[in-house]
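Thank you all for making the time this morning. I would like to walk through one structure, going slowly over its side-chain packing, and I will give the cut-offs for each term as I come to it.

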Amino acid sequence: QQQQQQQHHEQQQQQQQHEQQQQQQQQSVGDSTTCHRCAASEQRIATLAEEVEILETEVGARQKLIQDFHQQLTATKFQLRSSEQFVAGADEQARVRLLCSKDEEIAKLQTDLSRRQDEAERGDLLLMKLRREIDNLTEQCKLYHETLKAKDEVVVSLSNEIFFAQQQARTGAAQVGSLPVDPLSDAVSSSPTLTSTAPTTTIGELKATVEQLQDTVSAYQLQNDFLNSEIVELDLLRQDDQKLIAMQSSKMVEMEAEHLKLHSNHLIILQEMQKPQVGGMQHDQDAGKTQEMVSRLLEDAMETNVSTAVESATSSQSTADEMYDRYGFERGEGMSVSAKAKTLLRRGNELEALEGGHRARWEVYMKNRASGRRFEFTAEVKNLTRQGIPAEFRTEVWTDLIYARVQSMMQAKGPGYYQSLHQMESKGSLVEKQIELDLLRTLPGNKYYNKPDATGVARLRRLLRAYAWHNPIIGYCQGLNRLAAIALLVLNEEDAFWCLVLIVDFLMPKTYYSKTLMASQVDQRVLKDLLAVKCPRLATHLDNHSIDIGLITFNWFLTIFVDNVPFEMVLLIWDSFLYEGCKVLFRFALAVFKLNEERLLQLADTAQIFQQMRELAMSIPDNRELAHAAFPGLNPFPMRVINRQRALHTAVVKEELAEMESLRNTHQEPTFESQRNDPAMIIFSDDDDN
């Protein structure tokens, strides 16, 4: 009750501070006439600071409550165990030794308690320091407001003076135009329209008028110099403000990453505490209350939104749609506790990676890159794409990558090629029927493809039909729908079509999506050979249990890991795949096995091994860890080795397919030839020469 009262008191204080800050902000906004960007930035900083304080308070309160529960459970376990050991003691000496050991444990616990108290005090000091920094920054913002307000008043007064001076100058110019020729001015020529009735003016009066105009010009020059100096000073203040905003954004990202990790640990701890306790405690009334409170806390933690301010700021999606992320996937709905904890941990790691300088390097690259210039394949871009492309740059970079590779085909097909494919008549072929069957199976968890009238379904249908007309040799193969769907989430419809063309016609072997999937079968055998080289112990272990990795990895390669790893990792893999080609598929597949090698080696049951292999790709919490294992962790990785193994296995697979075709022709039905001549079946042809 005391903790609740203290939390209530802290919340009231925070609410009062929040109201005072809002009043101050409203007053400063009403009084100042500064630019909208400065006001929005300062309001953003204040709002984020308040959110950070609220989140810190909430996390601290929950951590204290969890620690209390954990200490209570631990103390009860120790009491039960000590009582059992004391009663089981054979003699007094054994009991004395037991008491001495308990005293030593108590001393260690006291030392650990002191150390943790010191850590807590240091954390409180750090929190106070950050709050003081925020207060100082708020004061600086107020000073900036006051300075800008004063300077605005000066600018307004000077503008009024300029206006009145301009009025006087126009009046003086009109008077000079009505006078005779001014011998001191080169700009005035003799006028034939002057008559003897014009008023006479002395040379002294004309000189006085000229001097007055010169004084006015001098005043304008002084005002111009003053305004220029003010503009320079305001620009310096704006630069300082931008640096300040960048620093605050950096701190915000760090705090958000830490908050996501704490939330992940919070879920894991609550899940562990919810498990039944050993020792008959479940029948105890206090234990029942504890379990009820843990369940309630777990429900609250699961209902918390996992989106971040950074994601909201960089997303083009409406912030009101909090159920889905920027790509249309549900935010944690239906997730298990462990899955949501992994998602939170993965997002926290991503924020840390972005803050580590990766985003800054991308910003520098995109800023220095000339617009309209053809994409260049350099070592710098290769290293950047291997670490992932930031979401705000992904559409532009993917588009440049695609058109850099398919430019020759686009020029050969001519402009409007994709639109011309839409005008092809639908014949109701088997391809179109199969496309219709697979539309709603593509990404059922995505709001753009989860129902017949979803916005992405019609686009996906048009794209797949267009590709079937573009490449009648392949037509349509299950797996292409997922590739097209991912492309449509990042690119517009026509760019997504050329992305699918790039993947199927350029990056993958030509028989990868044919009727027999010959190249896909070959790559699975190549992957097994590479696994024996890179992870020999694991390869031997799997062979001893007669486990074929192709049963798991075949779909990885066919769909380029779509629906097999978390979506953030799908984008990471696609970033490298579109730049380097199918070689990276072997890298990432081997990296998944390498990261889970020790866990698989500890399993001795074939069923358990196979079940773990089905969950391998989903068990990696960190994109950086996967990228490091796939690239530096597997070097050297020459493409010539893959090509050599492909050539060896292609000959074997061709013989096997020829033998199967021979058996099929031997036992074929009489109507099979008529089916082969049907145009709807020709598009599934597996002619190697094509």
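Predicted model: local features only at pLDDT ≥ 70, side-chain atom pairs only at ≥ 80, totals over all residues.

Residues are numbered from 1 along each chain as its sequence is written, and side-chain values use heavy atoms, with hydrogens and water left out.

The protein has 25 helices and zero strands, where helices (H or I, at least four residues) and strands (E, at least two) are DSSP runs numbered from the N terminus. Of its 690 residues, 37% count as buried, meaning under 20% relative accessible area, with exposed being over 50% and partly exposed in between, for a 1.4 Å probe and protein chains only. Among contacts with a separation of 6 or more, 78% are between residues 24 or more positions apart, a contact being heavy atoms within 4.5 Å.

Turning to the aromatic residues, there are 14 aromatic pairs in the structure; rings of Phe, Tyr and Trp (its six-membered ring) pair if their centres lie within 6.5 Å, and planes under 30 degrees apart count as stacked, over 60 as edge-to-face and the rest as tilted. One of these pairs is Tyr417 with Trp498, which is tilted, at 6.0 Å centre to centre and 35 degrees between the planes. Because Tyr417 lies in helix H10 (residues 417-422) and Trp498 in helix H14 (residues 493-507), this pair ties together parts that are 81 residues apart in sequence. Tyr418 and Phe497 also make a tilted pair, since their ring centres are 4.8 Å apart and their planes are at 35 degrees; here too distant parts of the chain are linked, with Tyr418 in helix H10 and Phe497 in helix H14, 79 residues apart. Tyr417 and Trp498 are both buried, as are Tyr418 and Phe497, and these four residues form one aromatic cluster.

Phe497 brings us to the largest nonpolar core, which has 116 residues, and within which Leu480, Phe497, Tyr513, Trp574, Phe577 and Met613 have the most contacts. Such a core is a set of buried Ala, Val, Leu, Ile, Met, Phe, Trp, Tyr and Cys residues joined through side-chain atoms within 4.5 Å. Its largest share, ten residues, comes from H14.

His649 lies in helix H23 (residues 639-666) and counts as buried at 16% relative accessibility. Asp523, in helix H15 (residues 518-534), is buried with a relative accessible area of 2%, and the C-alpha atoms of Asp523 and His649 are separated by 8.4 Å, although the two residues are 126 apart along the chain.
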